[in-house]
Amino acid sequence: GTSSKPRSEQTLGDSAAILHAVLAKLHAAGPAGVVLVGHSLGGLVAADYASRYRRSHQVKALVLLDATPPSVIPRIKRLIPANATGVAGEARAEIIGLATGHNPERLVFGGAPLPPIGNVPLTVVQHGKQIFASVPTYGRRIQQIWSAGQRQWLALSPRSRMVIARHSGHYIYLDQPRLTLRLIRRALAEAN
């Protein structure tokens, strides 16, 4: 959150290249590899990175904390009309902002499914609280779309599992830090 903002729009490929350069500079992507943990939009970036670099076997395990699913963009676009106002309009604008680059990261992502990550341990963690309840008319359906998107992440690896963080909203690492740490430690153990 304190990094300098991008000067221009960027793609998932751009984000993967930056992460790859950082890992190389830290000598973290060597034979031991890395365990990536990504939250929300960072989860989308981490999953894309694991997919792009699957042949190098750099990513040894992946933990997605309520990661933004690729399918959410086109489905929300169809669900909430462009002329929606208030909370519903704001929810649509935030999610659709990924397709247009109108977000703090200036990321442009159209919602295409990601290729598999290979035989990498994958833990998908979904929030348990109804975080979209405040969106009139559409909240229940948005929750269904988000949950379906979390299940879609499981298709990235034959070694995937789903965990529901029952006492968490979207910020699972803040709401349930012990659960988050336990799942990261488990991913580290599986990575060896």
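Which side chain meets that of Arg161 in a salt bridge? The views below open with that pair; the structure is a predicted model, in which local features need pLDDT of at least 70 and side-chain atom pairs count only at pLDDT 80 or more, while totals for chains, interfaces and linings use all residues. Residues are numbered from 1 along each chain as its sequence is written, and side-chain values use heavy atoms, with hydrogens and water left out.

**View 1. The salt bridge of Arg161 and Glu190.** The side chain of Arg161 meets that of Glu190 at 3.0 Å, N to O, a salt bridge being a side-chain nitrogen of Lys or Arg within 4 Å of a carboxyl oxygen of Asp or Glu. The pair links distant parts of the chain, with Arg161 in strand E4 (residues 160–165) and Glu190 in helix H7, 29 residues apart; helices (H or I, at least four residues) and strands (E, at least two) are DSSP runs, numbered from the N terminus. Arg161 counts as buried because its relative accessibility is 18%, whereas Glu190, at 28%, is partly exposed (buried means under 20% relative accessible area, exposed over 50%, partly exposed in between, with a 1.4 Å probe and protein chains only).

**View 2. The salt bridge of Asp48 and Arg52 within helix H2.** A search of the whole structure finds 2 salt bridges, and one of them joins the side chains of Asp48 and Arg52 at 2.5 Å, N to O. Both residues lie in H2, 4 residues apart, which is about one turn of the helix. Asp48 is buried, at 5% relative accessibility, and Arg52 is partly exposed, at 47%.

**View 3. The largest nonpolar core.** This core has 41 residues, and those with the most contacts inside it are Leu62 and Trp153; a nonpolar core is a set of buried Ala, Val, Leu, Ile, Met, Phe, Trp, Tyr and Cys residues joined through side-chain atoms within 4.5 Å. Its largest share, 7 residues, comes from H2. Not counting residues up to four places away in sequence, Trp153 touches, among others, Leu44, Ala47, Leu64 and Val124, where contact means heavy atoms within 4.5 Å.

View 4. Apart from residues up to four places away in sequence, His39 touches Leu65, His170, Tyr171 and Tyr173.

**View 5. Asn192, in the segment after helix H7.** Asn192 is exposed, with a relative accessible area of 83%. Its C-alpha atom is separated by 7.8 Å from that of Lys60, 132 residues apart along the chain.
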